[in-house]
Each structure stands twice: as structure tokens, then as C-alpha cells.
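Subject: Structure handover

Hello,

I am passing a structure on to you. Please open it first and then read the notes below it.

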Amino acid sequence: MGLDLARKIRFIHTSDVHLDTSFAGSGLPSKIGHRKREAIRGTFRRILDDAKRESVDFILIAGDLFEHDRITPDTTAFLIQQFDNLRPIRVFIAPGNHDPYLAGSPYCEESWPENVHIFREEKFRAVELRDLGVRITGFGFNRTHLAEHHFRWLDSLPADAVNIVVSHGSDLGRVPEGKSKHGPLTIDEIAGKNIHYCALGHYHQLRPLENPIDATQVWYCGIPEGRGWRETGPCSYLLGEVEKGEVRIQAIECGQYPFETLVIECDGFSTREQIIDAILQHRGSKVTPRVILRVRLTGTLDPRVDLSTAEMEERLADAVLHVQWEDRTLPALDFEALAQERTLCGNFVRALNARLAGASAQEREVLERARLYGVQALLGREVRPR
Amino acid sequence: MNLQRCRILGFGKLSGLELCFHAGLNLVFAANEAGKSTLQQFLLGLLFGPLRDDVPHQRRLEAWVEKFTPWRNAEYGGILWCRLANGRDLEIHRAFGKEDSRAEIRTAGGEDITGSYEHRKNGDVVFAGAHLGMTKDLFESLAVVRENRASDFHGPETIRDRITNLAQTGDEGLSVARSLGQLEQALEELGSDRAPKRPFRLAQERVRAFQEERRMLQARWAEFHEWVQERNRLAQETEDLKRQALDAALQVAAARWKETSGRVRKLEKIEAGLLEVRRGIAELDGYGEVPVDHLDELNRLAGEKSALELRLEEIRAALARTQDQLARLRTEREKLAPFGRLDPDIGPEKLTEWLVGFRSLDDQQKDLERRACGVEEERGAAGKELERLGPVFGGQVDWQAKVQEANEEERAVNQKYMDLGEEIAAKNAAMDEARRAVTRGRTWGAAGVALALATAGGALILLEPNPGIAAPVYTVALALAIGGALFFMKASRSRRSRERLRREIEELKETRDRVRQEAQKTHFEIGVAMASAGSRSIEEFLSAARRSEQVRSRVLALETSSRDLGGQRDRIASERQRLCEKLKESLESAGLAWSPETLDAQVAGLRENLRHFKTLDQEYQNCLQTEGSLLEDEIRFAEQLKQRGARIQSILSEGKQDSPDSFREACRKHRWLTTLQEKEASLLREYEALSDRRPLEEWRERLKGLGERLPQHLKADEAGPGTEEAEQAERRVAELLAVTREKHARLVERINQAFQNLRTLSEIEEDLAQAEGNLEEIAKNREALNIALQTLTDVSRQQQENLAPQLNRAVEQRFLRLCGARYEEVKIDPDFRICVRESGTGALRSAELLSQGTRDQLYFALRFGILDLVSNSAEPCPCLLQIVIFTCRDDLRDLAHAHSAHLVELPL
């Protein structure tokens with residue numbers, strides 16, 4: 001195989017689709033979770049449609065195409081059908097930590113179309129695309145956690161073709177907060193092995209790995225559809241071109257229902273309409289009918305304000321797809337001043353303050369509520385549990 | 001803190017006004033609508049500022065700020081001068097503008113010390129709170145009395161509740177009990193796991209329902225994976241079976257080829273066989289007419305003839321032996337001829353029986369004679385004993401019964417005698433009574449008659465001249481006479497009765513004597529018998545009677561026994577005689593003489609010879625019988641032999657053969673010919689069956705065709721299955737394939753339907769997370785409310801226990817000063833029940849029983865007492881009271897003077 005190719009090679013790089021994922025951790029109700037899952041399918045279908053429209057030669061899926069524990073037979077059938085429709089475009093799948101190649105995995109099905117290649121082993125295996133002069137080398141996870149630096153097992157590739165590598169892995173150079181490290185890697189384990197492009201998956205943000213060693217381009221393609229409140233940025237996949245040994249990468253934005261978080265300072269608010277107005281002021285930026293919105297209320301809330309979220313949700317029904325409330329307001333009570341009083345209320349606050357002093361975080365939450373409810377009752381106000 | 005003076009720049013209707021206050025009580029008075037309440041709010045505003053205390057992070061104005069905007073265009077605010085307990089003078093400057101609510105605190109020297117006070121986020125400067133140690137709300141509740149609340153005291157519960165509230169919360173309107181109630185209500189609304197319709201339980205059930213749904217889904221997943229594995233296995237099995245079906249089809253073809261090949265070979269073999277058989281048939285031509293049906297008969301007859309010849313020889317030999325034996329027996333029998341004269345029924349056994357019977361009867365006869373002598377001796381002894389006992393016991397009298405009868409009769413006579421004695425005694429008593437009645441009747445009768453005579457005589461003599469008086473006297477005399485007569489009649493009746501009784505007594509006595517005599521008669525008879533027997537007592541007599549009875553019975557028994565023995569002896573003698581006659585007769589028949597001494601030896605010899613004779617005789621008879629039988633057999637078998645020979649000759653003539661052997665050979669050839677003909681027919685049938693009515697050439701063509709499609713190794717495989725077996729195997733594989741395909745199809749359908757009507761795991765997890773979150777929130781709120789309730793209860797109880805004695809002292813001190821000497825003690829218990837003790841009587845009176853005025857005093861004492869307890873003890877708290885007093889100005893001056901108060905007048 002020689003590098004002087006008659007035509008450009010075009011491909012799509014995507015990963016972390018997480019079909020059939022659960023949004024329980026994000027606190028979404030099943031109705032919205034279902035819509036979001038449908039959106040993930042829709043976005044993935046759109047990527048495949050783009051592949052046909054752009055006449056790409058192959059698609060690289062760098063892991064976490066679906067969630068092993070949750071994938072339904074319907075989704076498996078959906079994937080098989082979509083990939084079948086994609087022919088003759090070839091699909092290369094490198095299973096990740098969420099969709100490892102295990103017994104019982106849909107990857108074990110024998111009905112995958114011929115244009116789909118699944119890297120089934122925890123070894124780098126190469127597929128030669130002789131018609132394109134491309135060698136695609138992939139690595140498949142066989143377990144839900146891979147602690148080894150698997151890129152160290154990758155030998156230098158022959159320079160007789162365009163070498164593309166696809167795998168799931170965690171760049172130790174920049175680990176996002178709270179992200180687990182499956183298949184750890186560093187750039188020096190990839191560079192210097194005659195690789196033209198390395199398609200990675202696992203981190204959900206679109207970004208290249210800085211490579212000071214050689215011209216190998218290493219990319220995380222981003223997530224096509226956000227999965228939680230921490231993934232509020234733009235969602236994307238990558239469209240790549242290889243021409244005369246040069247790789248050009250273009251990020252394509254996608255995603256249907258983004259997650260957004262709004263922080264509303266409630267100081268000075270005396271009605272819930274003011275809260276709704278404050279949310280709607282963001283129209284044009286974060287608030288759209290397709291957004292899944294988290295509203296975090298902070299500051300000191302006038303005790304007379306009735307924070308009935310159901311009614312506010314009804315008011316916001318046309319503005320956003322779903323709103324999730326996070327009440328972090330402080331009660332408009334000066335517990336310090338109350339603690340100075342030589343009254344029963346003062347004694348009560350002091351007693352609970354004493355318990356709060358030595359309490360754990362979890363106990364604190366309960367004790368603070370107890371203090372609030374007790375003071376509300378002692379001041380003749382309505383006791384309104386949160 | 002003492003308020004010194006104030007300057008009102010602008011506050012409601014008041015503006016440009018400066019008022020001075022004094023230490024102690026200041027009475028601010030004015031006409032209606034002059035601004036007294038406005039002044040009170042102004043002072044409150046200067047002390048605590050215009051911003052809301054409950055939202056310290058926001059600049060929110062109190063509601064009064066809008067209300068007390070200056071009427072005239074004056075600056076909204078003012079200045080208050082006050083002196084602290086430590087003697088320090090301070091100035092508070094405040095502006096109450098809507099946008100600008102400044103506060104400034106200066107010393108008397110004009111130094112701005114505002115910065116030394118706490119500043120809240122909303123800009124408020126905490127001045128009064130810092131000095132007085134209480135919030136604005138608390139100050140308003142305790143130190144500002146806007147009306148006379150004491151008049152609201154209605155009953156013990158109201159008083160106690162208000163004191164409790166005031167003491168604990170600083171506000172009468174706030175109730176600890178109500179607060180606890182609110183918390184309990186909130187807890188109740190959340191519910192528990194025992195309240196099925198409350199949020200807590202509902203949330204628990206929701207969580208459980210989702211967990212169950214998840215469990216079911218996971219179980220279905222496990223099943224699903226098994227089904228998928230099974231489906232894959234079945235798919236593999238289907239492929240294997242398809243391969244097996246192909247193999248089976250080849251095996252069938254191979255089997256058919258082999259079968260056809262075999263058929264062709266067999267057909268060729270049959271053709272060769274037919275040729276050979278037909279050649280054999282041609283060689284045996286001419287043997288078809290032999291009467292083979294007679295072969296069996298001929299063989300049977302030949303066999304019978306030989307057997308008869310052999311049998312005849314045997315019979316003749318046996319006949320010769322029998323005749324020899326007969327001659328020998330006849331000679332021996334004649335030697336024992338005398339013993340043959342005996343009765344044929346008498347055998348040796350009979351002789352032995354007679355001899356044994358004769359000897360036995362002889363012995364029995366002797367024994368009976370011995371026993372008869374013994375019985376006679378015993379009977380003689382019994383007769384002697386009867387004579388010894390006496391003749392009185394010789395009759396038929398049963399003395400035992402007689403004595404018993406006499407005793408019973410005596411007991412009955414005694415009883416009757418006693419009864420008669422009692423009856424006689426009763427009759428004697430009745431006779432005595434009758435005798436006394438006769439005497440009485442005669443006495444009273446004589447007296448009556450005597451009196452009548454005397455009365456009549458007297459009257460006749462003395463009352464003659466006066467007949468009017470005499471008549472009644474005569475009447476009396478007549479009555480007395482009648483009475484006397486009646487007594488006499490009664491006496492007469494009694495006498496007759498006495499006579500009758502006397503006769504009856506006599507009769508009874510006679511009867512009694514007769515009874516006694518009758519009883520004595522039997523005893524006399526027994527006594528005579530005893531005397532005759534010589535018995536000294538009745539017991540001895542009765543013993544002798546019993547003995548005689550026994551002896552008499554024994555004698556009777558012995559007589560009976562003697563008679564029986566005689567009978568037996570006669571019978572035995574007769575039988576012995578009969579046997580003796582028989583034995584004698586038998587001996588005489590055999591020529592032997594009768595001799596009792598040698599009887600046993602003679603009978604033994606007779607018996608032995610008789611036995612020998614009988615044996616010889618029997619043997620002789622048998623030989624005679626055998627000889628006859630053999631002669632008959634000889635004649636019969638000779639006849640049969642002749643018949644068989646004639647029949648054999650007839651058969652040989654029919655078959656044109658001269659001997660049985662040549663006949664048999666002809667028959668054998670005839671049979672071989674038949675066998676060959678049958679074999680030919682069988683081969684023909686086999687050929688037809690094998691060829692299926694097709695020529696051999698056609699089969700050869702077919703074999704060639706089958707062989708062309710078949711691999712060579714299968715042709716060479718001799719161990720392969722037959723056609724039927726191969727076809728069965730093919731059918732079996734086809735059936736298995738069909739079953740496996742059906743199973744596979746069913747499983748595929750099941751897999752396709754596996755998750756129908758089930759939600760996805762993600763959906764369930766999402767709902768479960770929501771439900772768990774909700775449950776956790778409710779659980780936290782429940783826990784928080786429980787903690788709040790418990791803490792509030794504990795703190796309240798503790799505070800009540802601590803506060804009650806302190807409050808008691810503070811209230812008592814003030815109340816006793818206010819009421820003069822009317823009461824001497826105040827008692828407040830830990831439950832805040834309040835009582836006062838009267839000075840004169842020493843009686844304790846409950847607060848609700850006090851007069852209205854006293855209750856007012858008590859109320860103020862309580863308010864101030866609580867204020868003392870709640871406020872900063874180092875800094876006295878100013879109080880703003882609003883009391884309605886209906887009086888004129890002069891009276892007000894007098895009142896102020898009387899209470900050492902200062903009057904402050906507000907100008908209109």
C-alpha cells in the first residue's frame with residue numbers, strides 16, 4: 001500500500017453515544033428520560049445520515065455505543081438495521097467500559113451486517129482496507145474496568161498505509177473532574193508509532209490531545225447528546241479527511257435536548273412570579289423549548305413566598321422541556337440573633353446549634369431543618385417542610 | 001437605659017418637637033388625636049430602626065414607615081438622647097426615608113461611634129438590641145404595652161397559658177403548646193409507615209413497587225440471556241441437522257444402490273438354480289406314479305409284524321415257565337391240606353385276637369370278684385354304725401329341718417304372744433277408763449237427781465205461796481233431774497262397754513295360751529328324740545343326725561355298686577365262654593386237642609401253619625390265572641401276525657415292487673422329484689417377487705444409473721445400513737430438523753416478545769431514583785420534625801422548671817408593692833399556676849378568683865417580672881405603656897404626684 005492515494009478518505013469519528021442510558025443520576029423523571037433516550041437515538045441516526053450524505057468511507061465508534069446493563073433488544077435491532085442501511089460504508093466499533101465485549105453482549109450476536117467490524121479482543125488488531133490504502137487498528141474492552149495502559153501494547157505500525165487507531169481510553173494528561181480512569185493513556189504512548197489519526201472515546205468533551213512528539217492527531221470527539229448536568233456544553237462528533245497523508249478534522253455540533261443550569265438569586269423576591277420572570281429573562285440564551293433546565297434558587301427567600309414548584313413548572317411548560325428545582329435558599333431568619341435571646345426560642349436555637357456543632361454533613365441537613373421548623377412553629381409561622 | 005429627651009424632626013403629624021423625660025415614671029398626656037401613639041412608635045423606631053428584623057439580608061422597611069411619613073414637609077426622622085446604666089450618654093440619630101434610612105450614634109461629646117455597633121447586611125445598625133439584649137419583636141412584646149391586656153384574664157387555663165407563653169416566648173400570642181401542636185400536625189401530615197394514605201407510606205410503597213418492577217425486569221433479563229443462548233444453540237443444532245439430513249440422503253442412495261446390486265445378483269443366481277432343477281426333474285421321469293401314500297402304512301405294518309413276532313416268542317417262553325411253577329406249588333399245597341379245612345374267614349390274626357381276648361376276660365373276671373368281696377365288707381360295717389347311732393335315726397325324719405322349723409315357729413309364737421299381750425294391756429286400760437266413766441256418771445247422775453229433788457222440794461216447801469217465783473225454780477229442778485238422768489244413761493253405756501272389753505280380754509288370753517302350747521309341742525317331740533338318742537344337747541343330737549344321714553347314703557351307694565359288679569361279672573363270663581368255644585373249634589378243625597395249659601403254644605403253631613398254607617394257596621391261584629392269560633395272548637397275536645402279512649403283500653403288489661425295501665427306494669425317488677418340482681415353483685415365485693415383473697436387463701440398467709450418482713467410497717462401504725434403515729434414519733433426521741426448527745422459531749418469537757409490556761431498566765431506575773429521593777426528603781423531614789418536637793419539649797420543660805422560681809420572686813416583689821398590705825405572698829408553680837395569699841386570713845387565692853383591679857396589678861407585675869428575666873440584667877429596659885385614664889388635668893397632676901411620676905404634655 002502506498003500513501004499516494006487517488007482520492008480523499010473521509011470518515012466520521014463518534015463515541016460515548018450511551019444508547020439506553022439512565023438519567024436517574026440526573027434526577028429526571030422517566031417521561032423526560034425516555035424523551036432524552038429517544039433524542040440520543042435520533043442524534044445517532046442523524047450522524048449516520050450525515051455519513052451517507054457526506055459519502056464517508058467509514059465510521060469509527062470509539063466505545064460506549066450503548067450501556068451493557070440497560071440496552072434493550074429493540075435498540076440492538078435498531079443498531080443492526082441502521083448499520084445495515086449504511087452499506088457500503090464500513091463501521092468500526094471499539095467497545096468501551098460501558099459496552100465491553102462480554103458474554104451476553106449484543107456484540108456477541110451473529111446478525112451484525114458485514115460492513116460492521118467489532119474489535120472483540122483486548123489486543124490491538126488491524127483491519128486492512130486495501131481499496132483505500134488504510135489500516136484501521138482497534139482495541140476492544142472485555143471488562144468494565146481496564147486499569148492497564150493498553151496503548152503500551154500497541155507496536156509501531158507499518159508505514160505502508162494510512163494508520164488509524166480507534167479505542168476507548170482516559171488521557172491522564174487532563175482528567176475531567178469526577179471522571180473515572182478506564183484504559184489510562186498518555187500521548188507518548190500513542191505518538192511515534194506511525195499513526196495518522198487516533199480516535200478516542202470516554203471523555204465527553206470535544207478536544208484534541210496536545211502532541212509535541214509527532215504529527216499524530218489524537219482526538220476526543222465529544223458526546224453527541226448530553227447525559228447529565230455536568231455536560232452542558234455543545235455536543236458534537238468529528239468529520240475527518242485524510243488526503244496525501246494529512247488529516248483534517250472538523251467538529252460538527254449535534255444534540256437535541258441540552259442540559260442547562262440557571263442560578264437564580266432570590267434576595268428581594270417576594271412572589272414566585274419574580275422567580276419565573278428571572279428564569280424567562282434568560283430567553284434567547286439558555287432557555288429554549290428544547291432545553292432541560294435546572295433552576296438553582298439561592299439567597300434569602302422571603303418566608304411569605306410560596307415556592308410551589310408544580311405551579312411554576314406549569315408556567316414554564318412552554319418555555320423549556322423540563323425544569324428541575326434545586327432549592328438552596330436560606331430561611332429569612334437570623335438564627336444568631338435568636339440564639340442571643342433569653343427566651344424559649346433562644347434556648348431552642350442554642351440547643352440545636354450545640355448539636356449542629358458536632359454533626360456530620362448529613363446530620364447537619366436534618367438538624368438545620370429541625371431548627372428551622374422549630375423556630376417557624378415558635379414564631380407562629382406555618383411549618384412548611386421542604 | 002433611661003430615655004432623656006427626644007427631638008422629632010418629622011414623624012406623622014409630629015414635627016419640630018422636642019420632649020424631655022425624667023428618670024422613673026413619665027406620664028405623657030394629651031388631648032385626643034394629639035399624637036401619643038405616634039410618639040410611642042417614634043421612640044420604638046429610634047431605638048430599633050425602620051428595617052424589618054426578619055429579613056436581615058434584605059433592605060425591607062417596616063410597614064409603619066409608610067404610615068408615619070411626615071404630614072408636613074419635614075425631614076423624616078429624629079434624635080433620641082439616652083443614658084445607659086453605666087452613666088454614659090448617647091445620641092441616636094435616625095432618618096426613616098424610603099430610600100435613605102440612615103442611623104448615627106454619637107457620644108455626648110459628639111463622637112460618632114456608629115462603627116462600633118453591628119451592621120446587618122441590609123444596612124441596619126443594631127443599637128437597642130446590643131444594649132438591651134433582645135430583638136425588636138421581643139421588645140415590642142414585652143416592653144411595649146399598648147393596651148390593658150390584664151382584663152383578658154378569664155380562667156385558670158387562660159392565665160396559665162398566657163404566663164407560660166409570655167415567660168417562655170416573650171409574647172403572649174405565641175404558645176408553646178400551639179408550636180408543639182404545629183410540629184405534630186406537620187409530622188402527622190407526613191405520616192408514618194402505619195398510615196397507608198400519608199405521603200411517607202405512599203413514598204415507601206412507591207419505592208417498593210419500583211424495586212419489585214426492577215427485580216422482575218432483571219429476572220426477565222436473566223431469562224432472556226438464557227433464551228438467546230438456547231436460540232443460538234438451536235441454530236447450531238439446526239445447521240448440524242441439515243448436514244446430517246444430507247448425509248442421510250446419501251446413505252439412502254447408497255443403500256438403494258446396494259439393494260439393487262444385491263437384487264441383480266440374486267436374480268442371476270435364481271436363473272442358474274432353475275436350470276439345474278429342471279435338469280434333475282428330467283432325470284426322474286417315470287417315478288411320478290409310485291403309490292407313495294401307502295409308504296407310511298407299509299412301514300407301520302412291517303414294524304407291527306416284527307413286533308408281533310417278537311411278542312409271540314416271549315409269550316410262549318413265559319407260558320412254559322408258568323406251567324413248571326404250577327406243578328411245584330401243587331405238591332407243596334397238598335402237604336398243608338389239613339389247615340386248608342379251616343373256615344376261610346379265620347386267619348392267623350383272628351386266632352391271635354381270640355387268644356388275647358380270652359386271656360384278658362379271664363383276668364377281668366378275677367378282678368371283679370375281688371372288688372365284690374370288698375363292697376360287701378364295707379356295707380356290713382356301715383350297717384353296724386347305723387345300729388350304734390340308734391333307732392331314732394332309722395326313719396325318714398329330717399331332724400335338721402325339724403329343729404330349724406321348731407326354732408322359727410317359736411320365734412313366730414313369741415312375737416304373736418307379745419302382740420297379744422300388748423293388745424290385752426290396751427284393752428285393760430280401756431276397761432279401766434270405762435270403769436271410771438261408770439263411776440263418774442253414777443256420781444253426777446245421783447248428784448243431779450239429788451239436787452233436783454232438793455230444789456223441787458225446797459220450792460214446794462218454801463215458795464208455795466209465791467207461784468211466780470216457784471215456777472222457774474221447778475224448771476231448774478227439772479233441768480237438774482234431766483241432767484242427772486243423762487249422766488245415768490252415760491254410766492250405763494260405759495258399763496256395757498266395760499263388759500264387752502272384759503270378754504275380749506278373756507278371749508285374747510285364751511288365744512295366747514293356745515299359741516304357747518302349740519309352740520311347745522314340736523320342742524317336746526324333739527326332746528323325746530334326743531332322749532332316745534342319748535344326746536345331752538341339741539348340737540350333739542343334730543351332729544348324730546347328720547352322721548346317720550351320711551352313713552345311710554354310703555350304704556345305698558355300696559348296694560348300687562355291688563349290683564353293678566355282679567352284672568359286669570356275668571357279661572365277662574359269657575364273652576369268655578364264647579371265645580373259648582371258638583378257639584376250641586379252630587384247634588379241633590386242624591386236628592389238635594383243647595388243653596388250657598398248652599393253649600398258647602397250640603394257638604401259635606396253628607397260626608404259623610395257617611399263614612404258610614394261605615401264602616402257597618394264593619401263589620398257586622395266581623399261577624393258574626397267569627397260565628390262562630398267556631394262552632389267550634398266544635392265540636390273539638398269532639391271528640394279528642397273519643393279518644399284517646396279507647396287507648403288506650397287497651401293497652407291494654400295487655406298487656409293482658417285490659420287497660418293502662425296493663418300495664421304499666421308489667418312494668424316495670418320487671419324493672425327490674416332487675421336491676425338485678416345488679423348488680422350481682419356489683424359484684419362479686422368488687424371481688417374480690424380486691424382479692417386480694421387470695426383466696433382469698432392466699435391473700442391470702437401473703443399477704448402472706444409481707451407481708453413477710454415488711461416491712465410490714459409499715459403494716465400497718459394506719458396513720453401511722440397509723435401505724429401510726437408511727430411510728428410517730433419514731426420516732428421523734428430518735423429524736428432528738423439523739422439531740428443532742419449530743423450537744427455534746418459538747424461541748425467536750419468545751425473544752421478540754420478551755420485553756413486551758415491560759418498561760426499560762433506565763425508565764424504572766429513573767422512577768426509582770425519583771421515588772427514593774422523595775422518600776429520603778420525607779424521611780429527613782420526619783426526622784427533623786421529631787428532633788424539633790423533642791428538643792422543644794425538653795427545652796420548654798427545662799425552662800419552665802428554671803424560670804418558675806425566678807419569676808415567683810420577681811412578680812412577688814412588684815405585686816406586693818402594688819397591692820400594699822392586702823396580700824403577703826405570691827406562689828407560681830412550675831406549671832405557671834399562680835396564687836396569692838391574703839394577709840389577714842392567710843388563705844391562698846387563685847388568680848382567676850381575684851378582683852379585676854388585683855388581676856390588673858398582678859398582670860403588670862408579671863409583665864415587668866418577665867421583662868426583668870428576659871432582658872439584659874445589666875441594662876434596665878425602658879417601657880412604653882399606653883393606659884386609658886379618664887380624668888381631668890388636675891386629677892392627673894394629683895395622680896402623678898401620688899405615684900412620683902412626671903407629667904409630659906404633648907402640645908396640639
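This is a predicted model. I begin with two strands of chain B: strand β9 (residues 834–838) is joined to β10(B) by three bridges, and the two run antiparallel. One residue pair to look up is B:V836, whose bridge partner in β10(B) is B:R845.

These strands belong to an open sheet of three strands in chain B, in the order β8-β9-β10, with antiparallel pairing. In chain B, β8 (823–828) and β10 (844–846) each have a single partner strand and stand at the edges, so one side of each has no neighbour in the sheet. On average, neighbouring strands of this sheet are turned by 30° against each other, direction ignored. As background, strands of a sheet pair through backbone hydrogen bonds, either parallel or antiparallel.

The other item is a pair of helices. Two packed helices are described by the angle between their axes and the distance between the axes. In chain B, helix α6 (residues 176–190) packs against helix α18 (residues 761–819) of chain B at an angle of about 160°, and their axes are 10 Å apart. Because an angle over 145 degrees counts as roughly antiparallel, α6(B) is roughly antiparallel to α18(B). The crossing of α6(B) past α18(B) is left-handed.

Which residues meet there? On the α6(B) side they include B:V176, B:L180, B:L183 and B:L187, and on the α18(B) side they include B:I778, B:L785, B:L789 and B:S796. By class, the contact of α6(B) with α18(B) has 11 nonpolar, five polar and two charged residues.

Regards

Definitions and conventions. Residues numbered from 1 in each chain as written. Chains lettered and ligands numbered in written order. Predicted model: local features only at pLDDT ≥ 70, side-chain atom pairs only at ≥ 80, totals over all residues. Axes fitted to C-alpha atoms, helices over the stretch in contact; angles between N-to-C directions. Helix = DSSP H or I, 4+ residues; strand = E, 2+ residues; numbered from the N terminus. Parallel < 35°, antiparallel > 145°, perpendicular 65-115°, else oblique. Left-handed = near helix turned anticlockwise from the far one by under 90°. Contact = placed C-beta atoms within 7 Å. Nonpolar A, V, L, I, M, F, W, Y, C, P; charged D, E, K, R; others polar. Pairing = 2+ DSSP bridges.
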